[in-house]
Amino acid sequence: MSTKRTVGMYASFDRSGTTTRASHYCAGCGHGILHKLVTEALVELGLQDRTIIVNPIGCAVFGYYYWDVGNIGAAHGRAPAVATALNRTLPGAVVIAYQGDGDLAAIGLNCALQAANRGERMVTFMVNNCTYGMTGGQMSPTSLIGQRTTTSPLGRAAATEGYPLHVSELIDRLRAPVYIARCSVADTPRILQTRKIVRQALEIQRDGKGYAFVEVLSPCPTVAGTDPLQAARFVATEMEQEFPLGIFRDVSGAAVPSTPAPAMSLTELFAGCHERDLPAPRPDPSVTEHRLIFAGSGGQGILSLGLCVVNAGAMAHRFTTWYPTYGPEQRGGAVSCSLVIGGQPVGAPTVEHPDVLVCMTAPMLKQFLPLVKPGGMVFCDSLIVESDTPLRHDVRIIAVPATELAAAAGFARGANGAILAAMFYTNATGLPEQVFADARDLSFRRKPDLIELNRKVFASGLAWCRENLKG
Ligand code: SF4
C-alpha cells in the first residue's frame, strides 16, 4: 500500500531511528488534519522556506518529524516566548506557535496572553481537545463542566474546578491582535472552513500584519475512550456548545505591515545591568574571552564584586555581560553571577565552566570548584577552605586571607577588595591596572566615605600577593 505524501511534509518521518510514513498521532486525532491544512497553506502561499514552527510539549511535541520547515522546540507553555525571539531576530520569517490547550491555557497562559498583547508578528494555533492527551487525559483548563477526566473522575465541577477557559474570548479582550478565530476539524464542512481560516492567518503573517490566534476544536478519541466518529461528534456537539465557532476579530484588511521591534543584542541587553555611560565596546578578535563565575551568599557583595569586574571590562572597551542568579532568600541565600568579558560580541551570557571562579562561601566553593575548566583559576577567602573541600590539581587555587586583611585595614566588610587585588595581581582577566582602580572606585561612588578604606584593603591585598604569590 502506498501513502500519498502531503505537500509541505517530509518525504519520510525518521522517528526514533525508524523510517516511516505514519505519524505518531492516534487514529481520528485532529492534529494530523491541522498539520495537513497548515502545510498545504504554507506551500500554496510559497512560505515554506520562510517558516519556523515552534513545537510544544504535548501530543504535538514531535511535529518536527513532519513539518518540512524550520522547527524548534519550546519548554512547556513557552512557545510564544520562543516565537517572540524568532519574530524579533528574523524579520522576514513566518513564525508559528503550535500548542495544545494544556500547554497554552494552563502553564503557558500568561506567555500566550503577553505575546498576543504585544501584537507579535506570529500566528498561534491552539488545538483544543479539552484534555491533556499526551499525559493520559487529565483535566485541562478547557475541559467541559461534567467532563470526566483522570483528575476529575466525578466530572468537572464549577464549584471546585472552575469553568472552562475561553481562550479566544480572552485574547479578544486585547487590543493588539489582528485576527482571532475558532474553528473545528470535526467533519468535512468544518475542515473546509478551517482551511480558509488557517490560510488567512498565514496570509497575515506573509504580509507582516501582526498577531493571529486560531483555536481549533479537535477530537481526542484515545483519551475519550471512544471511536473516532464518536469523538468527532463530541467536538461538533458538546464542545461547540461551550466554545462556539466563529471569527472573533478580523482587522487584517486595515492592518498595516510592520517590521518587528529590533532585538537587542545580548551585549546591549545585559549592559543594562551594569553602569551606564561606560565606553562603547570595540571589536578586537585578538582579545581572549574570559568567562567567570562569582558565587557566595546574599549580603556579601559578591554580585557587586562581579559588577565591578565587568565595569572594568567595559572601561577597557571589552564586550561584557553580567548575569546574576539569586536564591529565593533575600539575604543569606546562595547568589552567583556569570560574567563574560571579551573582544567580540558575547554569544551566551550564562557560564557553565568558568575560566575564573571567585567564591566566598564554603558550600559554593564545593559546588562550583568541580566546574572550573582545567588550567583555570579560583579565588577565595582562605577562611572558607575546609578539610573536606575537594582538591583540584589542574586549577590554580588562590586562597587569600581576605577577611583578615580587610579587618586589619579597618574595613572588615571589605574582604572583596582583597580578592579583587589578587585577581588583578594574577592578571586573571587580562585587564589593565587603571581600569581596575577606576571600576573599584566607581563601585563605591554612592558611599564615598568607603572609597579610601576600600583602596587600603586593595593595597593590603596587593602587598599580600607580592609576598605570597608568584604572579
Ligand atoms: S492522545 Fe488524543 S490528542 Fe494525543 S495523539 Fe492521541 S488522539 Fe491525538
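Colleague: Into which domains is the protein divided?

Modeller: This is a predicted model, and the protein in it is divided into domain 1, spanning 13-250, and domain 2, spanning 266-468. Taken over C-alpha atoms, the centres of domain 1 and domain 2 are separated by 47 Å.

Colleague: Which residues of helix α2 are buried?

Modeller: In α2, which covers residues 79-89, the buried residues are Ala79, Pro80, Ala83, Thr84, Leu86 and Asn87. When the helix is viewed down its axis, these buried residues of α2 fall within an arc of 165°, and therefore they line one face of the helix. The general idea is that an α-helix has 3.6 residues a turn, so residues three or four places apart point the same way.

Colleague: Against which elements do the buried residues of α2 pack?

Modeller: They pack against the strands β3 (51-55), β4 (70-73) and β5 (94-100), and also against helix α4 (109-118).

Colleague: Which residues surround the ligand?

Modeller: The ligand is surrounded by Tyr25, Cys26, Cys29, Cys59, Asn129, Gly133, Cys220, Pro221 and Thr222. Sorted by class, this shell holds six nonpolar and three polar residues, with no charged residues.

Colleague: What distance separates the C-alpha atoms of Glu161 and Gly246?

Modeller: The C-alpha atoms of Glu161 and Gly246 are separated by 27 Å, and the two residues are 85 residues apart along the chain.

Methods:
Residues are numbered from 1 along each chain as its sequence is written. This is a predicted model: local features need pLDDT of at least 70, side-chain atom pairs count only at pLDDT 80 or more; totals for chains, interfaces and linings use all residues. Side-chain values use heavy atoms; hydrogens and water are left out. Buried means under 20% relative accessible area, exposed over 50%, partly exposed in between (1.4 Å probe, protein chains only). Helices (H or I, at least four residues) and strands (E, at least two) are DSSP runs, numbered from the N terminus. The arc is that of the directions from the helix axis to the C-beta atoms. Contact means heavy atoms within 4.5 Å. Domain bounds come from an automatic or database domain assignment. A residue is near a molecule or strand if one of its heavy atoms lies within 4 Å of it. Ala, Val, Leu, Ile, Met, Phe, Trp, Tyr, Cys and Pro count as nonpolar, Asp, Glu, Lys and Arg as charged, and the others, Gly among them, as polar.
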